[in-house]
Amino acid sequence: MTLKLPDLPYAYDALSPFMSAETLEFHHDKHHLAYVENGNKLLAGSKYEGQSLEDIVKNAYADKAQAIINNVGQHYNHLHFWQWMKKGGGGKKLPGNVQKLVDEYGGYDKVRTDFIEAGKGQFGSGWAWLAIKDGKLEVVKTPNGENPLMYGSKPILGVDVWEHSYYIDYRNARPKYLEAWFDNLVNWEHVEALAG
Ligand code: MN3
């Protein structure tokens, strides 16, 4: 498959003041584009060329194909990251399937705390996730371009904790970014679509 940079599903300034237009311009137009371009160079002529995006991500990890893990993994992560945010997002009113998973995990406050702690605790670049494993919600963190698909779970929500995702708006205050992100930006409908 050929990777393609998607348009953002909202205007660059739609997520302000929680994520600025400047951050989205750099993050989407430059960082994500680089993953797409590098990924396509790596995939061309490789054994992964005819596979689905999810299969490439899983198989590259099994093969320890580090450059593909990095670039195609990050393409998968960012495709969803743009959709995991919306203007007027966040809030405790969750769609049905997500609410059920959250209740079984221990409730909204526990999920919020554990998710934010996972993001704070990821040393260096990476992601924090809500994923489903064996029908149950789990909170995990991953380094660099990795994601839960590579470990046999299904990611339903992920937050980018690379500095490029927050340094313009929050400088070094990753915890503030994580709290603002969870409380004001999460598009729970996209989480539900993946969880359903
Ligand atoms: Mn990023």
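These legends describe close-up views of one predicted model.

**Conventions.** Residues are numbered from 1 along each chain as its sequence is written, and side-chain values use heavy atoms, with hydrogens and water left out. Because the model is predicted, local features need pLDDT of at least 70 and side-chain atom pairs count only at pLDDT 80 or more, while totals for chains, interfaces and linings use all residues.

**View 1. Three strands form an open sheet.** The strand order is β2-β1-β3, and the pairing is antiparallel. Strands (E, at least two residues) and helices (H or I, at least four residues) are DSSP runs, numbered from the N terminus. Two strands pair if DSSP finds at least two bridges between them. The edge strands are β2 and β3, each pairing on one side only. From one strand to the next, the twist averages 20°. Angles run from 0 to 180 degrees between N-to-C directions, and axes are lines fitted to C-alpha atoms, for helices over the stretch in contact. In a regular strand the side chains alternate between the two faces of the sheet.

**View 2. Strand β1 and its two partners.** Strand β1 covers residues 126-133. Seven of its eight residues are buried, so the strand is largely enclosed by the rest of the structure. Buried means under 20% relative accessible area, exposed means over 50%, and partly exposed lies in between (1.4 Å probe, protein chains only). With β2 (residues 136-143), β1 pairs in the antiparallel sense over eight bridges. Alanine 131 faces glutamate 138 of β2. Tryptophan 129 stands opposite valine 140, also in β2. With β3 (residues 154-160), β1 pairs in the antiparallel sense over six bridges. Here alanine 128 has valine 159 as its bridge partner. Tryptophan 127 is bridged to aspartate 160.

**View 3. The hairpin turn at aspartate 134.** β1 and β2 form a hairpin with two residues between them. Aspartate 134 sits in the loop between these strands. Its phi is positive, about 50°, although the residue is not a glycine. At 76% relative accessibility, aspartate 134 counts as exposed.

**View 4. Two further backbone features.** Most residues other than glycine have a negative phi, and most peptide bonds are trans. Arginine 171 has a positive phi near 50°. This arginine 171 lies in the loop between α6 and α7. Elsewhere, a cis peptide bond joins serine 16 and proline 17, with omega of about 10°. Proline 17 belongs to the segment before α1 (21-43).

**View 5. The manganese site.** Four protein residues donate to the manganese ion: His27 (NE2), His78 (NE2), Asp160 (OD) and His164 (NE2). They lie 1.9 to 2.1 Å from the ion. Donors are N, O and S atoms within 2.8 Å of the metal (3.2 Å for Na, K and Ca); water is not among the atoms, so sites may look incomplete. Along the chain, the donors follow the spacing H-x50-H-x81-D-x3-H. Histidine 78 in helix α3 and histidine 164 in the loop between β3 and α6 are 86 residues apart, so this pair links distant parts of the chain. Histidine 78 has 0% relative accessibility and counts as buried. Histidine 164, at 16%, also counts as buried.

**View 6. Helix α2 against helix α3.** Helix α2 (residues 53-62) and α3 pack at an angle of about 145°, with their axes 9 Å apart. The crossing is left-handed, meaning that the near helix is turned anticlockwise from the far one by less than a right angle (clockwise for right-handed). From α2, the contact uses Leu53, Glu54, Ile56, Val57, Ala60 and Tyr61. From α3, it uses Ile68, Ile69, Val72, Gly73, His75, Tyr76 and Leu79. Contact means heavy atoms within 4.5 Å. These residues divide into 10 nonpolar, two polar and one charged. Ala, Val, Leu, Ile, Met, Phe, Trp, Tyr, Cys and Pro count as nonpolar, Asp, Glu, Lys and Arg as charged, and the others, Gly among them, as polar.

**View 7. Alanine 67 in helix α3.** Alanine 67 is found in helix α3. At 35% relative accessibility, alanine 67 counts as partly exposed. Its C-alpha atom is separated by 15 Å from that of leucine 33, 34 residues apart along the chain.

**View 8. The buried residues of helix α7.** In α7 (residues 174-184), Arg174, Tyr177, Leu178, Ala180, Trp181 and Phe182 are buried. The buried residues pack against α3 (66-83), α5 (108-121), β3, α6 (167-170) and α8 (188-195).
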